[in-house]
Amino acid sequence: MKSENQNKIGAGKMSSFERIEKVPPLKMLLYISMAGMGMLFLVLTVMFLVKASEAATATPFLLPKLFSVSTVVLLVSSFFMHQVPTFYAQDDLVPMKKHLLRSLVLGSVFCVAQVIAWYEMVEAKIFFNGHPAGTFLYLLSALHLLHIGGGLAFCSYLFVKTNRAAKDPIRTLVFIRDPYRLMQVQMLRSYWHFLDILWIALYFVFLFAL
């Protein structure tokens with residue numbers, strides 16, 4: 001006979017609070033950090049838009065072409081990163097490490113492209129303390145680049161661990177049965193996609209505001 005609780009509508013379903021309680025502390029810390037970063041970038045973006053509108057009579061300048069190139073590069077890296085947890089779930093570390101390496105290389109290319117784009121802005125006489133909107137353009141892109149650096153460091157760490165585990169069957173078995181490692185892989189993908197979405201939003205704001 002079913003118990004009274006089982007007969008209730010919605011019985012067995014966890015409430016939102018219960019689901020939050022089941023989130024591992026490290027994941028929760030990541031989500032809170034991403035929320036904080038999102039708020040910071042939102043405030044700075046609003047300030048950028050204000051300065052861009054005030055600078056309507058100032059010398060106009062075009063968005064560096066490498067910003068567009070770096071956006072495509074980051075999207076491709078996010079495509080590879082998205083598949084990493086799938087390969088982990090399939091116990092297939094060889095393609096997993098390849099995709100981590102591709103994401104790592106493309107992320108590094110993104111960083112180099114961003115730095116070159118700053119030189120392009122300098123050549124266009126757009127300095128950090130010059131053009132009213134230039135200050136926030138440098139600041140927003142530099143802050144995003146800083147967070148990309150954190151993602152690259154984490155990606156490098158997981159690549160080294162995955163590459164080492166893939167060379168030995170015993171290490172492979174331990175690696176793919178480690179719930180903590182699975183959580184790291186999921187956290188890296190979430191963080192990478194967050195940075196990707198954040199940059200795309202910034203890119204379109206830059207594109208239409210300048």
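Hi everyone, let's start with Ser70, which sits in helix α4. Before I go on, please keep in mind that this is a predicted model. Is Ser70 buried or exposed? Its relative accessible area is 1%, and the cut-off for buried is under 20%, so Ser70 counts as buried.

Helix α4 covers residues 65–89, and it packs with helix α5, residues 93–123. The angle between the two is about 165°, and their axes are 8 Å apart. Angles over 145 degrees count as roughly antiparallel, so that is how α4 and α5 run relative to each other. The crossing of α4 past α5 is left-handed. And what kinds of residues make up this contact? There are 19 nonpolar ones, seven polar and three charged.

Between α4 and α5 there is a loop, and Asp91 is in it. Take a look at its backbone: phi of Asp91 is near 60°, a positive value in a residue that isn't glycine. In general, most residues other than glycine have a negative phi. Asp91 has a relative accessible area of 34%, so we call it partly exposed.

Last stop, helix α8, residues 179–209. At the N-terminal end, α8 is capped by Asp178, with a side-chain oxygen 3.0 Å from the backbone nitrogen of Tyr180.

Note on methods:
Residues are numbered from 1 along each chain as its sequence is written. This is a predicted model: local features need pLDDT of at least 70, side-chain atom pairs count only at pLDDT 80 or more; totals for chains, interfaces and linings use all residues. Side-chain values use heavy atoms; hydrogens and water are left out. Helices (H or I, at least four residues) and strands (E, at least two) are DSSP runs, numbered from the N terminus. The expected span of a helix is 1.5 Å times one less than its number of residues. A polar contact is a pair of N or O atoms within 3.5 Å; within protein, one must be able to donate a hydrogen and the other to accept it, and residues adjacent in sequence count only if both atoms are side-chain atoms. Axes are lines fitted to C-alpha atoms, for helices over the stretch in contact, and angles run from 0 to 180 degrees between N-to-C directions. Angles under 35 degrees count as roughly parallel, over 145 as roughly antiparallel, 65 to 115 as roughly perpendicular and the rest as oblique. A crossing is left-handed if the near helix is turned anticlockwise from the far one by less than a right angle, and right-handed if clockwise. Ala, Val, Leu, Ile, Met, Phe, Trp, Tyr, Cys and Pro count as nonpolar, Asp, Glu, Lys and Arg as charged, and the others, Gly among them, as polar. Buried means under 20% relative accessible area, exposed over 50%, partly exposed in between (1.4 Å probe, protein chains only).
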